[in-house]
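Subject: Structure handover

Hello,

Here is the structure for you to take over. Please open it next to this email, and read on for what was found.

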Amino acid sequence: MHPLFLSLSLSLSLSLSLSLSLSLGVRGQQAFKTEPQNVTARAGATALLKCEVLRLSGSVQWAKDGLLLGPLRSLPGHPRYTMIGDEGRGQYHLQIADVRLEDDSPYECQVSRSKSSQPIISRTVWINVQIPPSQPSIELDSEEPWVEGNEYTVTCIAPDGKPEAAITFFRDGEELTDTQPFTMSGSEDKLLNTHAVVRVRARRSDNGRPLLCRVQHPALSHALETKQLMNVYFPPQVPVIEGLRSENVKAGDSLRLVCMSYGGNPLATLHWTKNGEVLSTTWEVDTASQSASSALNMEVKPEDNEATLSCESVNAVSRSPLSVTRALSVLFEPSEVVLRGSSEAIEGKEVSLCCHTTSSNPAVQIRWWLGFQELNTNISIISKGENGGMTTMSNLTHVVSREKNGLLLTCEAFNKGTRFSSVKSKTLSVYYPPQKVWLDVPPTGTPLRSGKTIRLVCFSSGGNPTGHLAWFKNGRTVQGLSRQMQSERGVSREYLLTLQPNDNLATYRCDATNKAKTVLSTETKLHVHFPAVSVKIVVSETELRAGHSLRLLCVAGSSNPRANISWSLGSTRLVGIDQPLKKAEYGGVSVSSQLVLPLGSHHHGNRITCQAFSNLLSEGVNTFYTLNVLFPPEFSAEQPVEVEITEDDAVTIPVMVSANPDDISCEWIFHGEKVNKEHDHRYHFPRGWVLEIWNVTRRDAGTYTVECSNAEGNQSTKVKLDVKYAPSVHVKTSPMFVNLGDTAVLLCIADADPVTSGMFTWKWMGDGEKEELGEESQEEDTGLLTLYNVTRDQAGPYQCTADNGIAPPGSVVGKLIVRFAPELQKRAQWRKVASRGDGSTSADLVCQAEGVPSVQFTWAKKGVPLDFTNPRYRDTEGAVHTSTLTVVNVSAALDYAVFTCTARNSQGEDTLDIQLLSTSYPDPPSVLKLLGVAPTSVTLEWMPGFDGGLTQNFRVRYRWAASASYQYVDVFPPRATVFTVKGLIPSTTYGFSVNALNSVGESSYADNGAVLNVTTMGQYGAISTPSTLPVYVIPILVGGVLLLLNALGFFLFVRWRKGCKSSFALPTIRVRRSTTSNSNRYESQEWTNMSAQRTLILDASSEPDSSGTSVYESYGGESCHYYYPAEAYRPTLYPHCEAPEEHSKCSHGKLQGRSRAYFTKMQFTLTSGRWRVGSDLDPARAVYNSMAYRRRRDSDLPFELRGELV
């Protein structure tokens, strides 16, 4: 019952009881001796609410939050709640173990009504559960470090407690007052999160010190604490510079200065500056000593004089950088001493020199010397220089004489402060003039020829320095003179003069001077013959046009004597009109001539040459005038009229046009439309009006017209584009049908440009190769292949290839189909089909033919056409002209007969008789031959025979002269017809034979038992006879071999006896057959099943020989093994003797009971009188195919092996 329902019921009953008591009176009324009191308990403790009742007659229950807990003292459903006390004394104390928050509720002790008493309810009391808070945490109003002097808010939170906790803050052990506590709801109902907030002003001493929050709570035995290390940023101290002992330093010294900064959080960053420019920004910090340092290494230079070095320190909270400065005083020498002024002077004149030093600290002093004599006629000036230093300048003035020539004038500069000294000197030169000058030249009045080189020499003697010689022409200095030569007599200077027209009547003078500035001179005059100095052509017309006449005037400049004028146009001489003579420069005369020329377009760009020739000098001068003839466009004679290109290439059609002016506008027209790139993106104009076509196709072939025009007119011409392209070919008729023996003509038609002779070739594309295809010929664009007397092997694909020299050649394959009459497959395996005649299986008779056109098949049984409405016969058309006759539920009585298959087409017909008979042992193989021989192996090949309607395998038998018996090897894979016999002896002759086996029996050996003799090769590859052994060795070898064979035989005999005791032999059937016949028909000496014999007698096509009887018998011959090959047979490929070890036992008599025998992974079970094969092999299908073996359908034995085994 629900507690609420119980409470309501009890309340109702108490009310009724109370009212009844009031009406009846109180008799033995229940009363509380002890009522519960409010209890405070820590979480996890045990709480006890006492309730003791006097005169208890009802039932006692406790109520929590108005819900009854139940009358049982164990209080089921409330594992932590129990009622304890002495029940006889009415004690029903409520004990709560492991007090939890959920127990924090109001409680009542209630006693129900009884017959003698009304119900009573105690006062409501509470259990106040105290929950300790979780681990407190400190929250800062900022994640950033504190800054000294700023005020920050710190909050400590004591989560999930009841009642609220008391929180106190301590800064480095010092309690912080002015804490503001408040509470917030906790993670659960009734729980409180106590918050305390305090404001803290950051101090430098607080850095790295703890800020502690202590939480006290009545539910805790000890206070909870958490702390936060304070990270306070504050600025560093003023830095100091170490390492500068004195402010005076010498240029070139190396200084190492260290800037130290102490304190600060974070530690200071340092940088050096010089005169406000940053020198270094690297520094190091040492957290142990709480310092930062920056080292400055510098080499003192003069420019550092009066420089101010400063080191600045700053960190993240510095209001401004702190710095320390030092001023430098640098002692430095002058970088240069300069001596200026000329030390050269004319005798009796003054020489003035100036000695100057660059800036130095302190200033230098200067003294003068002439030779060893100190000169005091100087003035010194000291002034401010660079880098705070001083410069010194001294001026010297001194009168020179000839005797002082060559002495040294010296300036000496020295500095006492830096112990500096420097000397600069110049050599004194005193000048005086030369004494005499004369010439060596041609005599005056001698005629000289222009262009000839003559020698003019001038001589001078005396003077200091020696005289300088200079040539002058008509008072002007001559350039290009040779070097002046020095000699004992004086100096000379030669002038090699190549005579020019202006040298006629010119005066040449030679002056001798030196630094003494006195001039001596001498001169001469020349007479020169020269041709015309210039020729020019004057044109009166401003524009020249074809068809107009041009007037030209040729004027020759001065010549001595006069010249004659002639005209030419290229190599053509023209005649002009001479004009009157005129006097000209250089003492010569000027001549002129006039020419009139009719103009044509061919004159454009040509030169008209005018020549002035002197007969006396045999020398002439010419000039030319280039004709700029205006004419409309004209196409060159070399403009192509036809352009050839290969398809898919790019073609360029040139435009060879000329015109004047050459501002030509051309356009191309093809098929009546303008050619432009917008019309076809393959059109391009790379150079002028040259047309370029990309990816040319045969559609682009044709005549293109180009029209050009300029300001003088227009003209057009035509160009034919011939596109050459690779052949594309097709066969006129494919496939082409032709009757056997007729003539076939294959036609291959090519679309190509050009069509060349011999461009067609033919190739056979079928299997194999053909030496001669046929007669190949060509008629224009058609290639012909003629085949006479067509045979069947000529049918197939032929490839025609056309190659006109343009890649790629075109190829096409045409098919020739030769029509011929059907030809059926008639080998032995196609003529027989075996099947059990018990009516439980079907047989497939396959007839396969070759013929063109398609072959139609008909079937007959014993010459009578089959009625395919009979459901027992089904005709199925297969691939490659194949017809399969399926005989359903083969009956030996009805279906063992000869079936005839006829194949027909329009060319003729062919027939094949197929005999359907019972399953039997296989036919022997044939054509056993040797494929290869090696020293220890021989490879054989044979042709398989009819498989008897069952899966057949093969066995190779061989022996050699020294062998005691035949060796046998089962061929693996089982149905392979090529096999290698290994483990042979080199240089030994072996006799090989092969036979076939199936589940019925085995065949005779191939080729009527013929033996194939093969001699293995020698050890080194040659087929040789073993070398002859000594006579005494042979008996020893034979004896040893016999002993080994004897031991081996005994071992094998023991193993054989053990094996024969553990199992019995498989039932086998011995079939006696003729060794001279390969037929599968049952003969007089064959053993067969009597019921099968009786069935065969009903079939006229398979009558047995009546000379004997046929019965089955159990056979357990001399050998206790019988090979029973299976499709899953996996033999070990080692030779074995005729009596190998068996795991089965051979025995005589009938099989008894239910037994099993194993051989080559096959299992036979005798059930209901029939043997069943327990493998996954199917009986052979009705048709034997030498290329593909078919799997069996059932595990049943052949019909002939069923029934009673005798």
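Start with one disulfide (a pair of cysteine sulfur atoms within 2.5 Å). The torsion about the S-S bond of cysteine 554 and cysteine 610 is about -80°, so this disulfide is left-handed. The link joins distant parts of the chain. Cysteine 554 is in strand β54 (residues 549-556) and cysteine 610 is in strand β59 (residues 607-614), 56 residues apart. The two sulfur atoms lie 1.6 Å apart. Cysteine 554 counts as buried because its relative accessibility is 0%. Cysteine 610 is buried too, with a relative accessible area of 0%. Helices (H or I, at least four residues) and strands (E, at least two) are DSSP runs, numbered from the N terminus.

Some ground rules. This is a predicted model, in which local features need pLDDT of at least 70 and side-chain atom pairs count only at pLDDT 80 or more, while totals for chains, interfaces and linings use all residues. Residues are numbered from 1 along each chain as its sequence is written, and side-chain values use heavy atoms, with hydrogens and water left out.

The chain as a whole

The protein chain has six helices and 95 strands. It runs to 1206 residues, and 43% of them count as buried. Take the contacts (heavy atoms within 4.5 Å). Among those in the protein chain with a separation of 6 or more, 65% come from residues 24 or more positions apart. The chain exposes about 64,000 Å², and carbon and sulfur atoms supply 51% of that. Accessible areas come from the Shrake-Rupley method with a 1.4 Å probe; for residues, only the protein chains shown count as cover.

More on the cysteines

How many disulfides does a search of the whole structure find? The search finds nine. Two others are worth a look.

Cysteine 355 and cysteine 411 form one of them, with sulfur atoms 1.8 Å apart. This pair also links distant parts of the chain. Cysteine 355 sits in strand β34 (residues 350-357), and cysteine 411 sits in strand β39 (residues 408-415), 56 residues apart. The link is left-handed, with -75° about the S-S bond. Both cysteine 355 and cysteine 411 are buried.

Cysteine 748 is joined to cysteine 800 by a disulfide, S to S 2.1 Å. Cysteine 748 lies in strand β72 (residues 744-753) and cysteine 800 in strand β76 (residues 796-802), so the pair ties together parts 52 residues apart in sequence. The torsion about this S-S bond is about -90°, so the disulfide is left-handed. Cysteine 748 and cysteine 800 are both buried.

Cysteine 354 counts as buried, at 16% relative accessibility.

Rings and charges

The structure holds twelve aromatic pairs. Rings of Phe, Tyr and Trp (its six-membered ring) pair if their centres lie within 6.5 Å; planes under 30 degrees apart count as stacked, over 60 as edge-to-face and the rest as tilted. Tyr958, Trp960, Tyr990 and Phe992 form one aromatic cluster.

A charge sits over a ring if NZ of Lys or CZ of Arg is within 6 Å of the ring centre and within 35 degrees of the ring normal. Lysine 770 lies over the face of tryptophan 764, 4.5 Å from the ring centre. Arginine 959 has its charged end over the ring of tyrosine 966, at 4.9 Å from the centre.

Backbone points to check

Aspartate 753 and proline 754 are joined by a cis peptide bond, with omega near 5°. Proline 754 is in the loop between β72 and β73 (760-764). Another cis peptide bond joins valine 852 and proline 853, where omega is about 5°. The loop between β79 (843-852) and β80 (856-861) holds proline 853.

Glutamate 780 is not a glycine, but its phi is positive, near 55°. Glutamate 780 lies in the loop between β74 (775-779) and β75 (782-787). Glutamate 780 is exposed, with a relative accessible area of 69%. Asparagine 889 also has a positive phi, near 50°. Its place is the loop between β83 (882-887) and α3 (892-895). Asparagine 889 counts as partly exposed, at 39% relative accessibility.

Best regards

Technical notes: Buried means under 20% relative accessible area, exposed over 50%, partly exposed in between (1.4 Å probe, protein chains only).
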